[in-house]
Amino acid sequence: MNWGSFSNFLAMGGYAGYVWGAYVVTTVLIATEIVMLRTRRRRAMQDVAQRARSGGVEG
Amino acid sequence: MSSSARAASGVQLFRFAAPAEFYRLAGKLVPWFAAVAAVLGVVGLYIGFFAAPTDAQQGESYRIIFIHVPAAWMAMFLYVVMAFWAGVGLVFNTRLSAMLACAIAPTGALMAFIALWTGALWGRPTWGAYWVWDARLTSTLILLFLYCGFIALHSAIDDVRRADKASAVLALVGVINVPIIYFSVQWWNTLHQGSSIKPGGSSIAGIMVTGMLLMVFAFWTYAIAAVLHRARSVVLEREQRNAWAQETVAKRA
């Protein structure tokens, strides 16, 4: 597929708002999920360490 | 195979049902699935934007297909997997099954939202409306609500084991919605187009199918990586009193 120029590529044949609206929001949402996954893991590890310090071992 | 050998291999497999073993195995798998997802995504998007031709009827707007269809498929597929593990947890009272169901729900909700969002932006130029109360769209919206309901119900009940049971019932009842979404374009007269991919002949060009299937596998492997990553956090959250969890975290610090 030859778009000819970068501005043609961005224009998406007149559908720029729809196509990029779909792709940009999807990218932002997936990036947000990745950040949230890392935050949750960090917090889970901190909680385990906290529990270990307070001596709450069961088995 | 003798019965003792069969029992031994069964034990080998069930080993990973122990949260500690699962945690280790998932930790090894996550980077691989994430890497495969990234590679497939780059190749799929390259084909989607640079190799696939302009659609004769829809122009460039059809390029939304490369995220819309994978997200919609994953939203349905993840729901079935979530309900399966929730059901296994409900029947056999296995800890890890319920944890997996909890780990799947947020990624499933994300996929359902992406499917609806990209569908709205595709519907406007092709149908003239962002949203219509059509069978396919409405049942997909219900799928998003089911995911959100599962998450909300689970977090509303303090006792984790009771939360697992209640949300498992919700997940299982909601499974009925998945075949409704899938067959809605055949059962009802709907604005949503029928399946582009069918066994024995697709309605779209070969290179478009190739790009779309690559994106399906990219979303699939991404979802596996995200779910396994979240499942490890859920395991730690629930097993924080156990010695193995405290030793594992201490070793990393």
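In this predicted model, chain A has a radius of gyration of 23 Å, whereas a compact globule of 59 residues would have one near 10 Å. The C-alpha trace of chain A spans about 65 × 20 × 15 Å along its principal axes. The secondary structure of chain A consists of two helices and zero strands. Of the 59 residues in chain A, 19% count as buried.

Helix H2 of chain A covers residues 16-53, 38 residues in total. From its first C-alpha to its last, H2(A) reaches 55 Å, close to the 56 Å expected at 1.5 Å a residue. Just after H2(A), A:Gly55 adopts a positive phi of about 75 degrees.

Chain B is built from nine helices and zero strands, so that, with helices and strands taken as DSSP runs, its elements read α-α-α-α-α-α-α-α-α from the N terminus on. The C-alpha atoms of chain B fill a box of roughly 60 × 45 × 35 Å along the principal axes. Of the 253 residues of chain B, 43% count as buried. Among contacts in chain B between residues at least 6 apart in sequence, 78% join residues at least 24 apart.

Helix H3 of chain B (65-92) has 28 residues and reaches 40 Å from its first C-alpha to its last, close to the 40 Å expected at 1.5 Å a residue. Just after H3(B), B:Asn93 takes a positive phi of about 60 degrees.

The next topic is the contact between the chains. How many residues does each chain bring to the contact? Chain B contributes 35 residues and chain A contributes 27 residues. On the side of chain B that touches chain A, the elements giving two or more residues are helices H2 (19-51), H4 (95-127), H8 (206-238) and H9 (243-252) of chain B. H4(B) supplies the largest share of that side, eight residues. By class, the side of chain B that touches chain A comprises 19 nonpolar, nine polar and seven charged residues.

Which residues of H2(A) are buried? They are A:Tyr18, A:Val19, A:Ala22, A:Tyr23, A:Thr26, A:Ile30, A:Leu37, A:Ala44 and A:Val48. An α-helix has 3.6 residues a turn, so residues three or four places apart point the same way. The buried residues of H2(A) pack against H3, H4, H8 and H9 of chain B.

In soluble globular proteins, nonpolar side chains tend to be buried together. Here the largest nonpolar core has 83 residues, and those with the most contacts inside it are B:Ala75, B:Met82 and B:Ala101. The elements that give two or more residues to this core are H2 of chain A together with H2, H3, H4, H5 (135-156), H6, H8 and H9 of chain B. H4(B) gives the most to this core, with 20 residues. Leaving aside neighbours within four places in sequence, B:Ala75 is in contact with B:Gly108, B:Met111, B:Ala112, B:Ala115 and B:Leu143.

Is B:Lys165 buried or partly exposed, and why? B:Lys165 counts as partly exposed because 16 other C-beta atoms lie within 10 Å, whereas a buried residue would have 20 or more and an exposed one 12 or fewer. B:Lys165 and B:Ala98 are 67 residues apart in sequence, with their C-alpha atoms 8.4 Å apart in space.

Definitions and conventions
Residues are numbered from 1 along each chain as its sequence is written. Chains are lettered from A and ligands numbered from 1 in the order in which they are written. This is a predicted model: local features need pLDDT of at least 70, side-chain atom pairs count only at pLDDT 80 or more; totals for chains, interfaces and linings use all residues. Two residues are in contact if their C-beta atoms, placed from the backbone, lie within 7 Å. Helices (H or I, at least four residues) and strands (E, at least two) are DSSP runs, numbered from the N terminus. Ala, Val, Leu, Ile, Met, Phe, Trp, Tyr, Cys and Pro count as nonpolar, Asp, Glu, Lys and Arg as charged, and the others, Gly among them, as polar. The expected span of a helix is 1.5 Å times one less than its number of residues. The radius of gyration is taken over C-alpha atoms; the globule rule is 2.2 Å times the number of residues to the power 0.38. A nonpolar core is a set of buried Ala, Val, Leu, Ile, Met, Phe, Trp, Tyr and Cys residues joined through C-beta atoms within 7 Å.
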